[in-house]
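Please look over the sequence and the fold below before reading on. The paragraphs that follow walk through a few places in turn, beginning with a side-chain contact.

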Amino acid sequence: MNLQHCTLCPRACGADRQNTAGLCGGGAEIRAARAALHFWEEPCISGTGGAGAIFFSGCALRCCYCQNRQISQDGFGKVLSIAQLSEIILRLQEKGAETIDLVTGSHYTPWIAESLQQVKKKLHIPVVWNSSGYESTEILSLLNGLVDVYLPDWKYLDNTMAATYSGISDYCTITEQAITEMVRQVGKPVFQNGILKSGVLIRHLILPGQRHASIALIQRIAERFPNGMVLVSLMGQYTPPETPLPDPHLNRRLTTMEYQSVLKVAQELEMEGFAQDLSSARNSYIPSFQLEGLSL
């Protein structure tokens, strides 16, 4: 790990993270904004006890519609040592967490991997890597044997769309390569008592005005990962930001017709996974990081 020329994410911005933050917002230490039981992940992640979610600060993407902008782009959070992160992970397990849910930690992967090496033998619940999907296969190799469940986003199939909405022009190729590596590491999904013990669960947020793009993406997932190799979670929770965006579609919620048309194709493809209730498209489901900070 060369903090003087960072290449931890595919952007490879070369920042000297000992002295300045990279394009992801990450510096020389772990920074996290919230650690608590979280009940709004997929049922196989949250279960009844909640996921032990740790939200890390910063992100390599710059999604214009990001709901977690406070931490992904505005830098909110507290510095943690590796030892403190290990303690938090174990305390979340003690509190009854069904999984350890590591949210957007890619730009801290070496630190998190070291923490997981310290606690892995003490954990009896799955470790979930909850990410944007935009990750280097080389860096993912650091997590091999430490992460049980990969929970990546696959946002787009078109790089022009990725550049417009998330500021990344190579998102699609990189993400498909990353998810392929994730599947290689953990194999087909395995459940125990309703909890996903290992496997890959791909999330896709359906955007207003982009149902055809979403249909093309799920068709690609079915083509690339057949025979139950992955699970898919289709999300309809898109919530327009307070400040209007240039694309007028992004200033409204997803319609029932748009959502149902994508679900219909997924059902025809016999995809396994989850479909979100449209009632979740409310601001009340977005964690309040500034109010709660690190709750442990």
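In this predicted model, the side chain of glutamate 41 makes a polar contact, at 3.2 Å, with the side chain of asparagine 130. Glutamate 41 itself lies in the loop between strand 1 (30–38) and helix 1 (43–46), and because its relative accessibility is 13%, glutamate 41 counts as buried.

The next topic is backbone geometry. Most residues other than glycine have a negative phi. Threonine 104, however, has a positive phi of about 55° although it is not a glycine; threonine 104 is placed in the loop that runs between strand 4 (99–103) and helix 4 (109–119), and with a relative accessibility of 22% it counts as partly exposed. Asparagine 193 likewise has a positive phi, near 55°, in a residue other than glycine, and its place is in the loop between strand 7 (190–192) and strand 8 (195–205). Is asparagine 193 buried or exposed? Asparagine 193 is exposed, its relative accessible area being 76%.

Helix 9 covers residues 256–268, and because its 13 residues at 1.5 Å a residue should span 18 Å, the distance of 18 Å between its end C-alpha atoms agrees with expectation. The buried residues of helix 9 are Glu258, Tyr259, Ser261, Val262, Leu263, Val265 and Ala266, and these buried residues pack against helix 8 (211–224), strand 9 (231–235) and strand 10 (273–275).

Finally, there are the cysteines. How many disulfides does a search of the whole structure find? The search finds zero. For cysteine 13, the closest cysteine sulfur is that of cysteine 6, and because the two sulfurs are 5.7 Å apart, they are too far from each other for a bond, the cut-off for a disulfide being within 2.5 Å. Cysteine 66 is also in no disulfide, since the nearest cysteine sulfur, that of cysteine 63, is 6.2 Å away, whereas a disulfide needs sulfur atoms within 2.5 Å. As for accessibility, cysteine 13 counts as partly exposed at 34%, and cysteine 66 is partly exposed with a relative accessible area of 23%.

Terms used. Residues are numbered from 1 along each chain as its sequence is written. This is a predicted model: local features need pLDDT of at least 70, side-chain atom pairs count only at pLDDT 80 or more; totals for chains, interfaces and linings use all residues. Side-chain values use heavy atoms; hydrogens and water are left out. Helices (H or I, at least four residues) and strands (E, at least two) are DSSP runs, numbered from the N terminus. Buried means under 20% relative accessible area, exposed over 50%, partly exposed in between (1.4 Å probe, protein chains only). The expected span of a helix is 1.5 Å times one less than its number of residues. Contact means heavy atoms within 4.5 Å. A polar contact is a pair of N or O atoms within 3.5 Å; within protein, one must be able to donate a hydrogen and the other to accept it, and residues adjacent in sequence count only if both atoms are side-chain atoms.
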